[in-house]
Amino acid sequence: MGSITSKPHARNPSDVQLDYGSQGLSLNLDGFNATVLRPRYLRGLPDEHETFIESVRNPYNSPPLRKLVSPDETVAVVIPDITRALPSDRLLPWLFEELSELQPENVTIIVGTGAHRGNTHEELLRMVGPQIVAKYRIVNHDARNSSSLIRAGRSQYGYDVFYTAEYVNADRRILMGFIEPHFMAGFSGGYKAVFPGIADLNAIQTYHGFANIAHPKSTWGILEENPTQNHVRSAGRLLPIDFLVNVTLNTDRQITGYFCGDITAAHEAGCAFSKDTAMVKVEREFPIVVTTNSGYPLDLNLYQSVKGMSAAHSITARDGLIITAARCNDGFPEHGAFKNQVLRWASPDQAWSAIRDPDFREPDQWQTQKLLQILQHCRIHLFSELDPALVQKAHLTPIDNVRDAIKAELIRLKNPETPIAILPEGPLTIPYVD
């Protein structure tokens, strides 16, 4: 593990750097009654490579990785898509170095896109590096292409689950991902790499059903009795998983811990570690909360940026204001039905009425539902690269300056001392009211 350094909450610092795109966004806090909330800061591991080798050779409740795979076996390695910050370009070369006897032609790297679009060749080069692209077969999962999927089995919750064919047919299966609090499943990582990462659209829509998402335990930091996580685990267990490689990251995208081996033991250890560092207790709700979506690549689009809004929602007072800085340079995005859903109805109330109808069933409705749940409680202002007219049609208020938006709200409230919370790293910090 990396050494731990505490980053105390700062009151009225002169400025703070918000995670926005790749460059960041400076916000001056002079004159504001502001509290900056950050995760407990962990320095990156002194030698990520050396610690990786140690972790896969001494894993959680599992034989060492290199003793699990024979040279003549086919191997499926599942990685997240470009909307996730996993440093696959570092991890994959180390993984294959450890499995040096494995023939490249026996390996398929599957990009777990869930219901997202496939990643372009240029994006793959950035994600995994040109040497991996040149040497190994890489497949974008496609939840909508039934010809590329094979039935893996039936979830205990009553629906069939199909996975990418190369995953189902492989002799060995290795999952890679990173662990952080998740606004529906409690935590990311673990079985989420395959469900929903490489699942069919029908299964994805079913487990993201209205009742599951609306359940009070389908939220940040809760694993047990979380119906969303229960669906993830049930479907993920349909096929044997030989080895998990999960990491935790700091705000500089450095690896702070490895959780490798048996998927249950390693993931639960990683979740406990993440909860201890990422979740921050506060004493009260705030009338104004400024958040981000953790910068690139997590703030590529509005769909993903709902997570940053949800993190802020946890501590926003009723009828309060969430100000979100998320670049959204990839749009809403265009794939799936999210854009159509948030633009379709004239008001959040009309959208909520339609979404909660038992007969309503569309991709991405879970993300729309989360956004609408927030809008029932408070208002959202958005600083982004999106067309302001479309932002407004999506029931959000476009702004062109975060500090000016704070000042305008203080004037509206007629109280310059109104408490303000700042989440510079967005959902990398999960605040909660004690």
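Modeller: A polar contact is a pair of N or O atoms within 3.5 Å; within protein, one must be able to donate a hydrogen and the other to accept it. Keep in mind that this is a predicted model.

Biologist: Which side chain does S234 join in a polar contact?

Modeller: S234 sits in helix α8, residues 227–236. Beyond its neighbours within four places in sequence, S234 touches S155, Q156 and Y157. A polar contact of 3.3 Å links the S234 side chain to that of S155.

Biologist: Is S234 buried or exposed, and how many residues of α8 are buried?

Modeller: S234 has 8% relative accessibility, so S234 counts as buried. The number of buried residues in α8 is 9 of 10.

Biologist: Which residue caps the N-terminal end of α8?

Modeller: Look for a side-chain oxygen at the backbone nitrogen of T228. That oxygen lies 2.9 Å away. The capping residue is N226.

Biologist: How many residues apart in sequence are the parts tied together by R40 and D276?

Modeller: The side chains of R40 and D276 form a salt bridge of 2.3 Å, N to O. R40 lies in the loop between β4 and α1, and D276 in helix α9, so the pair ties together parts whose separation in sequence is 236 residues.

Biologist: What is the sequence separation of the parts that R327 and E385 tie together?

Modeller: R327 and E385 form a salt bridge, with their closest N and O atoms 2.6 Å apart. R327 is in the loop between β17 and α11, while E385 is in the loop between β18 and α14, so the parts they tie together are separated by 58 residues.

Biologist: Where do the buried residues of α15 lie on the helix?

Modeller: The buried residues of α15 are V402, A405, I406, E409 and L410. Down the axis of α15, they fall within an arc of 140°, so they line one face of the helix. An α-helix has 3.6 residues a turn, so residues three or four places apart point the same way. For α15, the answer is one face.

Biologist: Which residue has a side-chain oxygen at the start of α15?

Modeller: Helix α15 covers residues 402–413. At its start, the backbone nitrogen of R403 has a side-chain oxygen within 3.1 Å. That oxygen belongs to N401.

Biologist: Which helices do the buried residues of α12 pack against?

Modeller: Helix α12 has A351, W352 and I355 as its buried residues. Viewed down the axis of α12, they fall within an arc of 100°, so they line one face of the helix. They pack against α7 and α13.

Methods
Residues are numbered from 1 along each chain as its sequence is written. This is a predicted model: local features need pLDDT of at least 70, side-chain atom pairs count only at pLDDT 80 or more; totals for chains, interfaces and linings use all residues. Side-chain values use heavy atoms; hydrogens and water are left out. Buried means under 20% relative accessible area, exposed over 50%, partly exposed in between (1.4 Å probe, protein chains only). Helices (H or I, at least four residues) and strands (E, at least two) are DSSP runs, numbered from the N terminus. The arc is that of the directions from the helix axis to the C-beta atoms. Contact means heavy atoms within 4.5 Å. The expected span of a helix is 1.5 Å times one less than its number of residues. A salt bridge is a side-chain nitrogen of Lys or Arg within 4 Å of a carboxyl oxygen of Asp or Glu.
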